[in-house]
Amino acid sequence: MSGTLIVRTLLVADAPLLAVPVSATWIRAGVDLPLKTESPAILVLGVGSVPFNRIKAGATQIHSERVQVYVLSRDYEQIKTILRLVRAAVLDTHGTVAGFNVIDITLDVESPELRDEPTGLMAQSRDFIVRWTG
Amino acid sequence: MKRKMKPLFSAVRKWLFGDTLKAGFAPVVCPPGMQPTPCQQQQAGHTDAAAYSESSYYISATLPDSYDEAGYESTDLVWAEIGQVVKFPAYGSMQEINKISPIKGAIKKVKRTADYGGGDMQVVDLPQDAGQIIAKAASASSNHYSIKVVYADGETHYLDVIVAGWQKTEAASGEFMLRTAKVEVNKAPVEVAAA
């Protein structure tokens, strides 16, 4: 789903986010987290997409796609900082990103704070609604 | 008796159905009192369920010399496609009923004159779209305009319309920017079967 690509492209180009530091290598699109992934890591996941149907579809489609940005870290404060920087990097985006025309990106739900005791990892996610044509 | 009636039935059937028994058309049964030509014209269309998907909408500032297929298909009418139509209003004949209730006997009903429909046409707001530019001009004018609807199977309907309004939809977070035009149909649609 292209909303995923759009959000990841914005995140890996965001200097304040990379300065946390979050390595661009650990900003991944999709559900795979390879072995030896270093935290903090960010997963960009497509949750679902709804087309905006016109009577005649035309060459380009209009999509409203829910994209989840899932942040993993061993530091609680770091998760909060990263989520705030993700929000700033992604919102107020219009125009061409990764070859797609972004109409707008709006905020949606924030997930509960999660903790995995054996690994000591904490996680939290934020959903965005990405409206794009392509 | 049967032998005498057979040629008469053939003649009547030929008068009623005409060319619509060509391959690809369903036999047309015209309502009593309705002239064959408009009856066949209206019924010589799709013969199975159809949908509105992939229909195209066009507008022209020019009116036809005659409100029939020949008039609308004249090259004098230059059509501009209206881009990204989301919704188009219902059109076609609708008549209200006047009723009078006598003290004795059944309620009497008469039909009022036909209203050929209309309502909101909604489009994705595209200020540079040629068809939308004409629709916007139509809303500022008291002139009639011509609209052509081409359905996915090629069936084409022509409408004589006035356009009242060219309004942006309500703004809200996450909503698409759309325009709503009030399109009202003034005459019976001219319906042309797919070629």
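This is a predicted model: local features need pLDDT of at least 70, side-chain atom pairs count only at pLDDT 80 or more; totals for chains, interfaces and linings use all residues.
**Before you start**

Residues count from 1 along each chain as its sequence is written, and chains are lettered from A, ligands numbered from 1, in the order in which they are written. Local features need pLDDT of at least 70, side-chain atom pairs count only at pLDDT 80 or more, totals for chains, interfaces and linings use all residues, and side-chain values use heavy atoms, with hydrogens and water left out.

**Stop 1: chain B**

Select chain B. Its secondary structure comes to four helices and 11 strands. These are DSSP runs numbered from the N terminus: helices are H or I with at least four residues, strands E with at least two. Of the 195 residues in chain B, 34% are buried. Buried means under 20% relative accessible area, exposed over 50%, and partly exposed in between (1.4 Å probe, protein chains only).

**Stop 2: helix α4 of chain B**

Select residues 130-139 of chain B. The buried residues of this helix are Gly131(B), Gln132(B), Ala135(B) and Ala138(B). They sit on the same side of α4(B), because they cover an arc of only 115° around the axis. That arc is taken from the directions from the helix axis to the C-beta atoms. Now show what covers them: β1, β2, β7, β8 and β9 of chain B are included. At the N-terminal end, Asp129(B) is the cap. One of its side-chain oxygens lies 3.2 Å from the backbone nitrogen of Gly131(B).

**Stop 3: Thr156(B)**

Move to strand β9, residues 156-168 of chain B, where you find Thr156(B). Is Thr156(B) buried or exposed? It is buried, at 10% relative accessibility. A polar atom of its side chain lies 3.0 Å from the backbone oxygen of Gly154(B). Beyond neighbours within four places in sequence, Thr156(B) is in contact (heavy atoms within 4.5 Å) with residues including Lys148(B), Val150(B), Val190(B) and Val192(B).

**Stop 4: the A–B interface**

Show both chains. The contact takes 12 residues from chain A and 17 residues from chain B. Together the chains bury about 1,100 Å², 61% of it on carbon and sulfur atoms. Buried area is the accessible area (1.4 Å probe) that two parts lose on being put together, summed over both. Select Phe52(A), Ile55(A) and Lys56(A): they supply 58% of the area that chain A buries against chain B, more than any other three residues.

Which side chain meets Lys56(A) in a salt bridge? Glu81(B) does, at 2.9 Å, N to O. A salt bridge is a side-chain nitrogen of Lys or Arg within 4 Å of a carboxyl oxygen of Asp or Glu. The pair runs from the loop between β2 and β3 of chain A to strand β2 of chain B. Lys56(A) is partly exposed at 29%, and Glu81(B) is partly exposed at 31%.

**Stop 5: salt bridges within chain B**

Select Glu96(B) and Arg112(B). Their closest N and O atoms are 3.8 Å apart. Glu96(B) lies in the β4–β5 loop and Arg112(B) in the β6–β7 loop, so the pair ties together parts 16 residues apart in sequence. Glu96(B) is exposed at 56%; Arg112(B) is partly exposed at 45%.

Next, select Asp125(B) and Arg179(B). This salt bridge has its closest N and O atoms 3.0 Å apart. It links the loop between β7 and α4 to strand β10, 54 residues apart. Here Asp125(B) is buried at 13%, and Arg179(B) is buried at 17%.

Key. A polar contact is a pair of N or O atoms within 3.5 Å; within protein, one must be able to donate a hydrogen and the other to accept it, and residues adjacent in sequence count only if both atoms are side-chain atoms.
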